[in-house]
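My notes follow, in the order in which I looked things up.

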Amino acid sequence: MRTAIAQTDCFLGDITRNLTTHFRLAKEAVKGGATLVVFPELSLSGYLLEDRVKDIAITAREATALFDNAGLPGAVIGVGFPEKTRGALYNSYALIRCGVKKAELLGVQRKVNLPTYGMFDESRHFRAGSSLCAHELPGGATTAILICEDMWHPALPVALAQLPDGMPHLLIVPAASPSRGYRGKRPANLEGWEHNAEYLARVYGAATLNPQRVGVEDSLIFAGGSVATDHDGIMKRADLFKEEILFVDIDIDALSRTRAKVPVVSAHDREILRSLFD
Amino acid sequence: MTKKGTAAITLPPLNCQLAADALTFFIRRETERAGFDGVVLGLSGGIDSALVAYLAARALGPKRVTGLLMPYRSSSKASVTDAKKIVKALGIRHHLLDITAAVDGFEQELMTAPDIRRPGRLGNAMARMRMVALFDYSLAHHAMVLGTSNKSEIALGYATLFGDSASAVNPIGDLYKTDVYALSRHLGIPAALIEKAPSADLWEGQTDEGEIGFRYADMDPVLHQLLDRRESPAAVIARGADPALVGFVSKKMLAMHYKRKIPIIAKLDTRTFGVDFLYAKDILS
């Protein structure tokens, strides 16, 4: 299964303009053979929206319709957007299957853990999501979405592994992580992302795709450095400080074989968890 | 400066290559997104403004960078000579604007009670006159004003409010003076500029370290512990740092915070600028 991480920059708060970039990069990815193209967190809008959230938020249906007639028939696109419902605003991520004309919504994930510390103030502007589920991709592979901070909360992958079909094959981890810590080999935040993505992939026998933002929003420098991991560790890493398409081939059969060989996560965990939490 | 058995109080070295790439990206992106043709900065002949000039030339190409050399009558002659060396080495644009007549005019026409705290007030007038020239140049030539204050100075409030502290965008405000030296060496800035004593050059013989009373090499690791690592002053002293130094910087860091705030507005209505009108600058450009 050929996938692509689209490491994008964007115009803060300008969904129309950013959609053009999404089309351009998605077409390049599809041309290279990708059937799934994943963009970073809030890729359609940019990250530092603050009071602008309520003015530009769109419904999941509207986000899907943006991909009508996109010229990407058959491709599945993962995009981040500020979602509005009748009564709330969410930091959401949609999996959209493009058609010859109409696009179809495969699923939406709402960010569960909204960072509100240091430079982050997300729970001021968004409501927290309260569910987590797996989505089936064309071809049968399953995927789940952990938006940025959600990857850092161990309970979420643990919960995903308890789904009836077990841990999804592919974890999409869209992020917009402002770079900080320039005293090591790589920006310290990216080192953290890599360790975490590698840990998840090794422990759960899942592949992870971590599309990172690139760009500048006021003081925040998004450095890029997207990463893809599987049960053997880091598969691929994107460059820093530039837009890039990173092609990642994922061997679903190999993931399944690994899980069978090293069944670290099992149905038994559910009973252990229950007894521990009761 | 550590006691036996305690972890050293150090500032871990900057990854210069990475920081240079990040700041180059930052300057290019901020300049272009804000719609400016280029950037302008005050070139004092010191290391901070030299570093910003090098980063800007790397980001935008030398022809889109302008340095304003703005000496006053009492400025050290070496300041202009050193600034010209930077201009020549980079091939950036420059203007030599002598602020003496403007500052003298201020002194004669606008200064009340000229005997009270005269040297400090004249120093402030010089810094603010340079700010006037920079922002005037910005409007005339569509160039964004780059700030040149480093994190050590900002932490200690060692700047003139609305003078050298004023800029549109500051690429080096999160680098300690120690980092500024390291990055300058990495970018190949002439050693003579790096080695000379840092000075605001407001009067003859003035040096930062003479005026502040401590060396940047000693202050920066302590600032790093207090500011970035959020250690308590007591813990830093317990690890062997000079108590006088720790007391000085921890007090200054908070006492000078007013210099880092936009002017405080009394809140009366539902949404107030600076309080709860929350937008990134970049969302409006």
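Before the helices, a term: I take helices as DSSP runs of H or I, at least four residues long, numbered from the N terminus. The model is predicted.

**Entry 1: helix H2 of chain B**

I began with H2(B), residues 47–60. Just past its end, B:Gly61 takes a positive phi of about 85°. I then checked the length. The 14 residues of H2(B) should span 20 Å at 1.5 Å a residue, and the end C-alpha atoms are 20 Å apart, so the two agree.

**Entry 2: the largest nonpolar core**

I looked up the largest nonpolar core next and found 157 residues in it. The members that touch the most others are A:Val37, A:Ile77, B:Val39, B:Leu51, B:Ala53 and B:Ala56. H2(B) gives the most to this core, with 11 residues.

Leaving aside residues up to four places away in sequence, B:Leu51 touches B:Ile172, B:Val180, B:Leu183, B:Ser184 and B:Ile189.

Which order do the strands take in the open sheet of chain B? I read E3-E2-E1-E4, four strands with parallel pairing. E3(B), residues 93–96, and E4(B) are the edge strands, and each pairs on one side only. The twist averages 25° from one strand to the next.

I looked at one pair in detail. E1(B) and E4(B) are joined by three bridges in the parallel sense. There B:Val39 stands opposite B:Met144 of E4(B). Helix H3 of chain B, residues 77–90, lies across E2(B) and E3(B) and runs at about 170° to E2(B).

**Entry 3: helix H5 of chain B**

**Entry 4: the six-stranded sheet of chain A**

I moved to chain A. Six strands form an open sheet there, in the order E5-E4-E3-E2-E1-E14, with mixed pairing. E5(A), residues 104–110, and E14(A), residues 244–249, stand at the edges with a single partner strand each, so one side of each has no neighbour in the sheet. Neighbouring strands are turned by 30° against each other on average, direction ignored.

E4(A), residues 89–97, and E5(A) run antiparallel, joined by six bridges. A:Tyr93 stands opposite A:Gln109 in E5(A). Helix H1 of chain A, residues 15–31, packs on the sheet and touches E1(A), E2(A), E3(A) and E14(A). The direction of H1(A) makes about 150° with that of E1(A).

E10(A), residues 214–217, pairs with E11(A), residues 220–223, in the antiparallel sense over four bridges. A:Val216 stands opposite A:Ile221. In E10(A), A:Val214 and A:Val216 point one way, A:Gly215 and A:Glu217 the other, and all are buried. Two residues lie between the strands of this hairpin, and A:Asp218 takes a positive phi near 50°.

I then counted across the chains: 20 residues of chain A are in contact with 19 of chain B. On the side of chain A that touches chain B, E10(A) and E11(A) are the elements that give two or more residues. E10(A) gives the most, with three. That side divides into nine nonpolar, four polar and seven charged residues.

**Entry 5: positive phi in loops**

Most residues other than glycine have a negative phi. I noted two exceptions in loops.

- A:Glu50 has a positive phi of about 45°. A:Glu50 lies in the loop between E2(A) and helix H2(A), residues 53–56. It has 16 C-beta neighbours inside 10 Å, so I list A:Glu50 as partly exposed.
- B:Ala113 has a phi near 40°. B:Ala113 sits in the loop between H4(B) and H5(B). Is B:Ala113 buried or exposed? I list B:Ala113 as exposed, because 8 other C-beta atoms lie within 10 Å.

Terms used
Residues are numbered from 1 along each chain as its sequence is written. Chains are lettered from A and ligands numbered from 1 in the order in which they are written. This is a predicted model: local features need pLDDT of at least 70, side-chain atom pairs count only at pLDDT 80 or more; totals for chains, interfaces and linings use all residues. A residue is buried if 20 or more other C-beta atoms lie within 10 Å of its own, exposed if 12 or fewer, and partly exposed in between; C-beta atoms are placed from the backbone. Two strands pair if DSSP finds at least two bridges between them. Axes are lines fitted to C-alpha atoms, for helices over the stretch in contact, and angles run from 0 to 180 degrees between N-to-C directions. Two residues are in contact if their C-beta atoms, placed from the backbone, lie within 7 Å. Ala, Val, Leu, Ile, Met, Phe, Trp, Tyr, Cys and Pro count as nonpolar, Asp, Glu, Lys and Arg as charged, and the others, Gly among them, as polar. A nonpolar core is a set of buried Ala, Val, Leu, Ile, Met, Phe, Trp, Tyr and Cys residues joined through C-beta atoms within 7 Å. The expected span of a helix is 1.5 Å times one less than its number of residues.
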